[in-house]
Amino acid sequence: MHVHRFERLWLVGALSLIVLFIGTVTYGAVGAGYGMVDATGGEVDPANTTASENFREPGVYEGSDPNHYDVYVEAQQFLFVPGTNEPIRIPANSTVTFHVTSPDVIHGFEVVGTNINTMAVPGQVATVTAEFDEPDEYGLVCNEYCGSAHHSMEGQLQVVPPAEFDGTGGGNATSGANATSDNMTGGGNTTSTPTATSEVN
Ligand code: CUA
């Protein structure tokens, strides 16, 4: 059967597009490091989050390793605790694991301008680890519709020079607390833009 040259060209082009589209969707689903929030970050009683062993008082805590910090954040209607009423403060040159949960409905926890972005699901603790090399300021936004004031749910993350870090981010921090860093994954990057080194668990 004779297929005209242009006909063949269009066929190849159309088939390539289909393969390309399937490829991008597949990459987005499994190749880009995204994950569902599941039980690996721990579970909490949404009605009483801070009573849970897996979720301490919201705030910034020193981790078990030098320069590692654990930040416990409660996303609730319509604020981040800490983050909204007082910024989360962490020192530069640190590795930070965010532990995020919600006592009410599903929220989002996104550090604007980075790939730190997770859902905050009632009853589950989402963990995400990132490195912060440079002092900077970042906005926090909720990107899951959570109610009438969803659009106003925002906060701030301040990365301060290590000398200025007073260890009291979030108001509840206890320097020297022997936080255990569950789900911390190693590795990392050396760019100045913080990049989450683990997918959301
Ligand atoms: Cu919280 Cu939208």
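**Whole chain.** Start with everything selected and coloured by secondary structure. The chain holds one helix and ten strands. Of the 201 residues, 36% count as buried. Among contacts between residues at least 6 apart in sequence, 72% join residues at least 24 apart.

**Core.** Next, select Val 71, Val 73, Ile 90, Phe 98, Val 100 and Ala 126. These belong to the largest nonpolar core, which has 35 residues, and they touch the most other members. Then select residues 68-76, which form strand E2; this strand gives the most to the core, with five residues.

**Phe 98.** Centre the view on Phe 98. Which residues is Phe 98 in contact with, leaving aside its neighbours within four places in sequence? They are Val 71, Val 73, Phe 109, Ile 116, Thr 127 and Val 128. Of these, Val 71 and Val 73 are also in the set of core residues that touch the most other members.

**Confidence.** The chain averages 80, and 82% of the residues score at least 70. Compare two strands: E6 (residues 107-111) has the highest confidence, at a mean of 94, while E1 (residues 59-62) has the lowest, at 84. Finish by selecting residues 169-192, where the pLDDT is below 50. In the model this stretch has 62 contacts beyond near neighbours in sequence. Where pLDDT is low, predicted coordinates should not be read in detail.

Methods
Residues numbered from 1 in each chain as written. Predicted model: local features only at pLDDT ≥ 70, side-chain atom pairs only at ≥ 80, totals over all residues. Helix = DSSP H or I, 4+ residues; strand = E, 2+ residues; numbered from the N terminus. Buried ≥ 20, exposed ≤ 12 C-beta atoms within 10 Å, placed from the backbone. Contact = placed C-beta atoms within 7 Å. Core = buried A, V, L, I, M, F, W, Y, C linked by C-beta atoms within 7 Å. pLDDT = per-residue confidence, 0-100.
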